[in-house]
Amino acid sequence: MPVSRVITWEVTASGGYETVWAVFDGDGLRARGRAVGTLPEPYWITYGLLTGDASGSRSLDLRHDGRGGWTADGRRVDALDGALDCDLGLCPLTNTMPVLRHGLHRTPGEREFLMAWVSVPGLTVEPSRQTYTHLGPGRVRFASGDFRSDLTFDEDGCVVDHPRLARRPAPR
């Protein structure tokens, strides 16, 4: 049965906030989100995300064809061949996808992924090798290049705390 959630993070890395309206359905995720930040420059982003089995205004139309190929604004991006997920910079929601798919917030293991990394606010796209390692219930280490961060997840696989990037405000 699908589970709907509204989640807000304080994104310390950007001096802003992000709110997402998400529906979790098995290993699928549908979401709409909005993020505002002030670093490295003021920005406002809206996005839509759909996963499944398989200084002015900027926009990016990033698409996965379901077979491992990607296009950015209609142009094929060969360097992303084989990537399943995107990683929207400064967005904790996109760390949910690989963790949820493999249950790494609940189950021991380590997985390496090729991600379509999108810079924010520049909206450039490039390949990013990322490793997610289960550290214990609700705890997963994220690593990419020299960057490492131990993330905390809730039972549904959503990021609660991404040190130096974002954290969800405590319930009132």
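The legends below describe close-up views of a predicted model. Local features are reported at pLDDT of at least 70 and side-chain atom pairs only at pLDDT 80 or more, whereas totals for chains, interfaces and linings use all residues. Residues are numbered from 1 along each chain as its sequence is written, and side-chain values use heavy atoms, with hydrogens and water left out.

**View 1. Strand 9 and strand 10 form a hairpin with six residues between them.** Strands here are DSSP runs of E with at least two residues, numbered from the N terminus, and two of them pair if DSSP finds at least two bridges between them. Strand 9 (residues 110–118) and strand 10 (residues 125–136) run antiparallel and are joined by nine bridges, with Trp117 having Glu126 of strand 10 as its bridge partner. In the turn, Leu123 has a positive phi of about 65°.

**View 2. Ser119 lies in the loop between strand 9 and strand 10.** Ser119 counts as buried because its relative accessibility is 12%, where buried means under 20% relative accessible area, computed with a 1.4 Å probe on protein chains only. The side chain of Ser119 makes a polar contact with the side chain of Thr124 at 2.8 Å; such a contact is a pair of N or O atoms within 3.5 Å, of which, within protein, one must be able to donate a hydrogen and the other to accept it, and residues adjacent in sequence count only if both atoms are side-chain atoms.

**View 3. Strand 10 and strand 11 form a hairpin with two residues between them.** Five bridges join strand 10 to strand 11 (residues 139–144), the two running antiparallel, and Thr131 has Ala143 of strand 11 as its bridge partner. Gly138, in the turn, has a positive phi of about 75°.

**View 4. The second largest pocket has a volume of about 280 Å³.** A pocket is an open set of points on a 1 Å grid over the protein atoms alone, where a 1.4 Å probe fits, with protein on both sides within 12 Å along at least five of seven lines, and its lining residues have an atom within 4 Å of a point. The volume is the space filled by probe spheres set on the points, which are joined across faces, edges and corners. Of the 16 lining residues, Asp87, Trp117, Phe142, Phe147 and His162 are the closest to the pocket centre. Strand 8 (85–88) and strand 11 each supply at least two residues of this lining.

Terms used. Helix = DSSP H or I, 4+ residues; strand = E, 2+ residues; numbered from the N terminus. Buried < 20%, exposed > 50% of the residue type's maximum accessible area, 1.4 Å probe, protein only.
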